[in-house]
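Thanks for coming. I will go through the side-chain packing of one model, and then one of its pockets. Please have a look at the structure first.

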Amino acid sequence: PDVAQQRGVEGDLLLCDLGQGLNFRPGAFHGAISISALQWLCNADCATHNPQRRLRTLFTTLYSCLERGARAVFQLYPENAQQLEVITAQATRCGFTGGVVIDYPHSTSAKKIFLCLFSGSQSVLPKALGCESESEQRSQAQFTNHRLRAKAARGSSIKKSRDWILEKKERRRRQGKEVKCDSKYTGRKRRPKF
């Protein structure tokens, strides 16, 4: 923060370890951008650092503090394909959908790798720069949350949706448990409060 203050950066500054999570109110942000920070969570700098746990903590808290339908874009330089696979696996485990976009894939100096994450519904990945053909565009890796795809295939409701809440209330009624009446407000999305 000292360097940022010396350069006259506007806005609030916060110094924290991303591997310990983001302590912000749920739904507080419309989006997030990170440049060259994510790959450093894959390093175990001390004996207590577990890269997968640190990534999971970051993505869980990020998913929480983003509003539904928001995007998070990470520019990163992974050491190898396995490191990128670990990062994307932890992101999908925490509920994100999205994919990897590679700008200028055939260049050694201009090549940039972006991890584009979507909270909530699936969105279309941006087009990569420097790809001549549409087949190269389609070769960009895209992933979805495996749990959401499996539920959609089975025809069951997505967790915390209105249909899911109504199914759960009906199941509890059949079990003979006391359940509040259904109304037009059941399962509604509430606006975040500051």
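**Aromatic pairs and the core**

Let me start with Phe59, which is buried at 0% relative accessibility; buried means under 20% relative accessible area, exposed means over 50%, and partly exposed is in between, with a 1.4 Å probe and protein chains only. Before going on, a word on the source: this is a predicted model, in which local features need pLDDT of at least 70 and side-chain atom pairs count only at pLDDT 80 or more, while totals for chains, interfaces and linings use all residues. Residues are numbered from 1 along each chain as its sequence is written, and side-chain values use heavy atoms, with hydrogens and water left out.

How many aromatic pairs are there? Rings of Phe, Tyr and Trp (its six-membered ring) pair if their centres lie within 6.5 Å; planes under 30 degrees apart are stacked, over 60 edge-to-face, and the rest tilted. By this rule there are four aromatic pairs. In one of them, the ring centres of Phe24 and Phe29 are 5.0 Å apart with the planes at 90 degrees, so this pair is edge-to-face. Phe24 is partly exposed at 36% relative accessible area, and Phe29 is partly exposed at 31%.

Phe59 and Phe74 also make an edge-to-face pair, at 6.0 Å centre to centre and 85 degrees between the planes. Phe59 is in helix α2 (residues 51-65) and Phe74 in strand β2 (residues 66-76), so the pair ties together parts 15 residues apart in sequence. Helices (H or I, at least four residues) and strands (E, at least two) are DSSP runs, numbered from the N terminus. Phe74 is buried, at 6% relative accessibility. Phe59, Tyr63, Phe74 and Phe96 form one aromatic cluster.

Tyr63 has a charge over its face: Arg68, at 4.3 Å from the ring centre. The rule here is NZ of Lys or CZ of Arg within 6 Å of the ring centre and within 35 degrees of the ring normal.

Phe59 and Phe74 turn up again in the largest nonpolar core, which has 24 residues; with Leu38 and Leu115, they have the most contacts inside it. Such a core is a set of buried Ala, Val, Leu, Ile, Met, Phe, Trp, Tyr and Cys residues joined through side-chain atoms within 4.5 Å. Two or more residues each come from α2, β2, α3 (81-93) and β4 (112-118). Which element gives the most to this core? That is α2, with six residues.

Leu38, leaving aside neighbours within four places in sequence, is in contact (heavy atoms within 4.5 Å) with Leu55, Leu58, Phe59, Phe74, Leu76, Ile87 and Leu115.

Arg54 is buried, with a relative accessible area of 11%. Not counting residues up to four places away in sequence, Arg54 touches Asp17, Leu18, Gly19, Leu41 and His49.

Leu18 is also among the residues closest to the centre of the second largest pocket, along with Leu14, Cys16, Leu22 and Ile33; 20 residues line this pocket. On a 1 Å grid over the protein atoms alone, a pocket is an open set of points with protein on both sides within 12 Å along at least five of seven lines, and lining residues have an atom within 4 Å of a point. The largest share of the lining, five residues, comes from β1. Both β1 (29-35) and α2 supply at least two lining residues.

Conventions
On a 1 Å grid over the protein atoms alone, a cavity is a set of points where a 1.4 Å probe fits but cannot get out, and a pocket is an open set with protein on both sides within 12 Å along at least five of seven lines; lining residues have an atom within 4 Å of a point.
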